[in-house]
Amino acid sequence: MPELVFFRRGEEVLRVAVERARLVLGRGEHCDVAIPDTEVSRQQVALLWDGERCRVEDLSGKGTLVAGQSVTQGELADGADLALGQWRAVFRLRAGGDGADVTTEVGHTTSVQAPDARATRWQPAQVRVKQGPNESVHRLTGDSFTAGKDAACDLVLQDRFASSRHLKVTRRDGVFHVVDLRSTNGTWLGPVRVFEAEVPLPTVLRVGETELVLEAAAPAARREVADFHGIIGSDPSVRQLAELIERVAPSSAAVTVLGESGTGKELVARAIHACSQRANRPLIPVNCAAISKELIESELFGHEKGSFTGAAGARKGAFEEADGGTLFLDEIGELPLDLQAKLLRALEGGEIKRVGASRPIQVDVRVVAATNRDLLAAAREGRFREDLYYRLCVIPLHLPPLRSRKSDLGALAEHFVRTYSPRGQAVRLTPAALERLQQHSWPGNIRELRNVVHRALLLRKGPVIDASDLSFDVEVNRETGISVPELPPGMTLEQMLEKLERQIVEAALKRCNGNRERVARELGVARSTLFKRLKDWGLTKQDEQE
């Protein structure tokens, strides 16, 4: 699976898998990766992945620097980098590459001392095995274990680059003694190949394409956190949702997933598909809100050559591509009324007709729809067909918002930290950071939490994420329409107001090309007041200060 590896000043800080057909990068909170940099547009660039090639599409209108060249669209080559303010994102066609460019082979013993080895001598420990998107946890019960492809090993690795008996790890007075058993491809600690090493908890070892994370064992309450096809949580509402998915998945009845934006509706659709008898057939996602009204019919049903301007050849639609499998229609409430009748016909009879075609085509598709709207209210107001509503909502599934299942917040945050941390690094959240996450209201739900973790990984100064590394999406006051930022910890209201005032003035200066007369008029302040502020902030020239 391809991935984007983010660097800041040469240091790898974040990894994101390119597993969706469209991945949007930008400063805005609704982007798939939110980049905290004023030089980056709210929606800067989109990566379009078709399973074989990746294309890049600039969304800022100013061009995006790809491999040093400003582009508006084009193919993204393996190893090409995107300049995103003070960050750089490198595209790798195959995940698993190292962030560091320098590889070092060292002699027989490397020692990394724990802060207080004896204090952690009998600390319960576990090994987290990460192989691409798959992850498993093995609790350590003895003083040592072996890892490799051989079935006789304590930890059997399904990795083509691992040796039969690859390495042995032994616990010694609070540290772990790692010995490479003359493996072919080596045991790696970050960019360093080791033969013997003493390491504390946590430590990440790399064997081929597998990561072995030696870490303290999670408390009993944490280990009970469920992971149902990527749906993480132990809240009763999540357990009930998982049970419903298992019950409805084997049928071919249409399902509609209802929930606020950012609650993970596509994840539920993928879980339904994975639990169904169609799991070995394709799952085709279509976002009805992201396609123009002129193209949505062609996107769903396909078109014949010459059926409209620009139709240079015949093309299959989403229904044909999903034949035998599942079609996920996200934001179904945005579908135009004239297309709703054609969708209803496809659902009832299994027949579709390409744009410009004379004959219908028979397809076998299970439809899973999703929306954050009240479809029943829209149907009663005439904005959505009532017969289509009842055809789609044979089985409605309701997703709870994050604020109603805050007991899962810590597990979700730690999952995102593990998923997006650079390879070879064991980043963790401090108790203060977890406490601050609990205090937030999460209007953007799980998507907002994912973006907060992304930003924290980009902004952190060390191997931990502290409360000061967390920044939240601004909330908009519905009455005034003004964005209201959160007060950072340790900052007074007066300091926050001064900071906001300076940001507003600097933005106005930039807009007005430094013309202070225009800035004063635009902001409605006296020129003398503006000049005093600029002088206090050190934003005036030397001759003006004198």
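Select histidine 229 to start: this residue is partly exposed, with a relative accessible area of 41%. You are looking at a predicted model. Histidine 229 sits in the loop between strand S25 (227-228) and strand S26 (231-232). Check its backbone: phi is positive, about 50°, although the residue is not a glycine. Most residues other than glycine have a negative phi.

Next, select tryptophan 442. Is it buried or exposed? Tryptophan 442 is buried, because its relative accessible area is 0% and buried means under 20%. Its phi is also positive, near 55°, and this residue too is other than glycine. Tryptophan 442 lies in the loop between helix H10 (431-439) and helix H11.

Follow the chain into helix H11, residues 445-459. This helix lies across S1, S2 and S11. It runs at about 160° to S2.

Now show the sheet under study. Six strands form an open sheet, in the order S2-S1-S11-S10-S7-S8. Their pairing is antiparallel. Which strands stand at the edges? They are S2 (11-17) and S8 (69-71). Each has a single partner strand, so one side of each is left without a neighbour in the sheet. From one strand to the next, the twist averages 30°.

Zoom in on S1 (residues 3-8) and S11 (residues 87-92). These strands pair in the antiparallel sense over six bridges. Pick phenylalanine 6: its bridge partner in S11 is alanine 89.

Last stop: proline 202. Find it in the loop between strand S22 (196-199) and strand S23 (203-207). The peptide bond from leucine 201 to proline 202 is cis, with omega near -5°. Most peptide bonds are trans.

Definitions and conventions
Residues numbered from 1 in each chain as written. Predicted model: local features only at pLDDT ≥ 70, side-chain atom pairs only at ≥ 80, totals over all residues. Heavy atoms only, no water. Pairing = 2+ DSSP bridges. Helix = DSSP H or I, 4+ residues; strand = E, 2+ residues; numbered from the N terminus. Axes fitted to C-alpha atoms, helices over the stretch in contact; angles between N-to-C directions. Contact = heavy atoms within 4.5 Å. Buried < 20%, exposed > 50% of the residue type's maximum accessible area, 1.4 Å probe, protein only.
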